[in-house]
Amino acid sequence: MIKVLFVCHGNICRSPMAEFILKDMVSKRNRNELFYIASAATSREEIGNPVHRGTRKKLQEVGISTAGKYAVQLTRKDYDKYDYLIGMDRWNLRNMYRIVGTDADRKICRLLDFSDRPRDIADPWYTGNFDETYRDIVEGCAAFLDYLEQTGAIPAKTDNSKKDHSDIS
């Protein structure tokens, strides 16, 4: 089982968006049994709060629910629990290293580092642009799944897989 933890500053916008988009993509590829997917924050500011209304609204537009998700904080123990700790931007990575220490197993990376255009994902808490964040996260999640398939970590998707948001603009 591949264990993935998405991480952002508060765990109310980007990381839960990535968590639920990847869960949806995995489900539509009939690969649920291969993954454990979650998300966490580097800060304590939003701990216990639900997913931001902008993220909930954007995901509802594409039929994805975030029901039951509340912000939690990344811990040192998460490094041992997960195979991938995927941050949204360079600041997240800096704070992830502060929390978990060294990355001897090379588990820490940015989501869009898997894409053809590595970059940070802007925080919609500040930009207000949940559509752009959604597009970037879909791009990153699709690229991450492609990476796992190319490396043989998971079997390639079949032709009868359902739409997985990778063609949404």
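Author: A residue is called buried when its relative accessible area is under 20%, exposed when it is over 50%, and partly exposed in between, using a 1.4 Å probe and the protein chains only. The model is predicted, so local features need pLDDT of at least 70 and side-chain atom pairs count only at pLDDT 80 or more, while totals for chains, interfaces and linings use all residues. Residues are numbered from 1 along each chain as its sequence is written, and side-chain values use heavy atoms, with hydrogens and water left out.

By that cut-off, 53% of the 169 residues are buried. Asparagine 11 is one case: its relative accessibility is 0%, so it counts as buried. Asparagine 11 belongs to the loop between S1 and H1 and has a phi near 60 degrees, which is positive although the residue is not glycine. Most residues other than glycine have a negative phi. Asparagine 30, in the loop between H1 and S2, also has a positive phi, of about 55 degrees, without being a glycine.

The names S and H come from DSSP runs numbered from the N terminus: helices are H or I runs of at least four residues, and strands are E runs of at least two. The protein has 6 helices and 4 strands, in the order β-α-β-α-α-β-α-β-α-α along the sequence. Its C-alpha atoms fill a box of roughly 40 × 35 × 30 Å along the principal axes.

In soluble globular proteins, nonpolar side chains tend to be buried together. A nonpolar core is a set of buried Ala, Val, Leu, Ile, Met, Phe, Trp, Tyr and Cys residues joined through side-chain atoms within 4.5 Å. The largest core here has 37 residues, and Phe6, Ile21 and Leu111 touch the most other members. Two or more of its residues come from each of S1 (2–8), H1 (14–28), S2 (35–41), S3 (84–87) and H6 (130–150). The most come from H6, which gives 10.

Apart from neighbours within four places in sequence, isoleucine 21 is in contact (heavy atoms within 4.5 Å) with Leu59, Ile64, Tyr134, Ile137, Val138 and Cys141. A second core, separate and made of 13 residues, includes Ala38, Leu74, Val100 and Ile108.

Valine 100 is part of helix H4 (residues 90–100) and counts as buried because its relative accessibility is 4%. Beyond its neighbours within four places in sequence, valine 100 has contacts with Leu74, Thr75, Arg76, Tyr79 and Ile108. The C-alpha atoms of valine 100 and arginine 76 are 4.4 Å apart, although 24 residues separate the two in sequence. Across the protein, among contacts with a separation of 6 or more, 75% join residues 24 or more positions apart.

Threonine 42, between S2 and helix H2 (53–61), counts as buried because its relative accessibility is 3%. Neighbours within four places aside, threonine 42 is in contact with Val7, Cys8, His9, Gln73, Asn92, Asn95, Met96, Arg98 and Ile99. Isoleucine 108 is 66 residues away from threonine 42 in sequence, with 13 Å between their C-alpha atoms.
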